[in-house]
Amino acid sequence: ALQHISGEITLPDGTVIDLNRTGNEKIFGTPSISSQIVSDSDIFNVGELYIGELCIDAVIPESAELEGAEISLTVTIDGADDEVPMGVWDISEAKRQPSGITKITAYDHLARLTAPMPDSGVPGFIQFSAALRLIEENADVEFAQTIEELAALDPEITVNEIYPFSESPAP
């Protein structure tokens, strides 16, 4: 069975460009998705996370302003009705080639977590739901599950409990 990758680019003004679905906008070759350590590729520090990088070649309208745009990809198999999400990335660089192909580099939303987070005002304490809301609001990150859905995973802990870091419940 053949796999097909499609997706869309959402421009800052809300315009959506379909890739490999309709029209002339096409993905060329196979997208490359990799992960890298946030700060130094030779050292992994405790607490650091991997950020996904997408490199993709596509034909898109020259008039499309890709700065601040977002790209999402899905994969499907011949004969299947469902599309499986591959991820969502923020476009950081788009180089238009003389051939008409645009080389796009984009990073997943984890890169948004480099946004400064305001102090909770309670040193040494964290409120789970407040921390998630801060991340959602300040880094413009949308979690796959809502705070309430996460809380339902462990009925022993409520999302509004406050724990000193030294007494946080074990995962």
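The stops below move from the overall fold to a core, a hairpin, charged pairs and one threonine.

This is a predicted model, in which local features need pLDDT of at least 70 and side-chain atom pairs count only at pLDDT 80 or more, while totals for chains, interfaces and linings use all residues. Residues are numbered from 1 along each chain as its sequence is written, and side-chain values use heavy atoms, with hydrogens and water left out.

**Whole protein**

Along the sequence the order is β-β-β-β-β-β-β-β-α-α-β.

Next, switch to a surface display. The accessible surface is about 11,200 Å², and carbon and sulfur atoms hold 53% of it; the areas come from the Shrake-Rupley method with a 1.4 Å probe, and for residues only the protein chains shown count as cover. Of the 171 residues, 27% are buried, where buried means under 20% relative accessible area, exposed over 50%, and partly exposed in between. Among contacts (heavy atoms within 4.5 Å) with a separation of 6 or more, 51% join residues 24 or more positions apart.

**The largest nonpolar core**

Select Ile9, Leu19, Leu66, Ile71 and Ile91, which touch the most other members of the 18-residue largest nonpolar core. Such a core is a set of buried Ala, Val, Leu, Ile, Met, Phe, Trp, Tyr and Cys residues joined through side-chain atoms within 4.5 Å. Two or more residues each are contributed by β2 (16–19), β4 (50–59), β5 (70–77), β6 (84–96) and β7 (102–108). The largest share, 3 residues, is that of β4.

Then centre on Leu66 and display its surroundings. Beyond residues up to four places away in sequence, Leu66 touches Ile9, Leu11, Ile60, Ile91, Ala94, Arg96, Thr102 and Ile104.

**Strand β1 and its partners**

Select residues 3–10, strand β1, which runs antiparallel to β5 and is joined to it by 8 bridges. Strands pair if DSSP finds at least two bridges between them. On this side, Ile5 stands opposite Val75 of β5.

Now turn to β2, which is also antiparallel to β1, with 4 bridges joining them. Here Thr10 faces Val16. The two strands form a hairpin with 5 residues between them, and Gly14 in the turn has a positive phi of about 95°.

**Salt bridges**

Show the charged side chains next. The count is 2 salt bridges, each defined as a side-chain nitrogen of Lys or Arg within 4 Å of a carboxyl oxygen of Asp or Glu.

Select Lys103 and Asp57, whose closest N and O atoms are 3.3 Å apart. Lys103 belongs to β7 and Asp57 to β4, so this pair ties together parts that are 46 residues apart in sequence. Lys103 is partly exposed at 40% relative accessibility, and Asp57 is partly exposed at 24%.

Move on to Lys95 and Glu93, where the N to O distance is 3.5 Å. Lys95 is partly exposed at 46%, as is Glu93 at 36%.

**Thr76**

What does the side chain of Thr76 reach? Select this residue in β5: its side chain reaches the backbone oxygen of Asp82 at 3.0 Å. Thr76 is buried, at 15% relative accessibility. Neighbours within four places in sequence aside, Thr76 is in contact with Leu2, Gln3, His4, Asp82 and Glu83.

Terms used:
Buried < 20%, exposed > 50% of the residue type's maximum accessible area, 1.4 Å probe, protein only. Polar contact = N/O pair within 3.5 Å; in protein donor to acceptor, adjacent residues only side chain to side chain.
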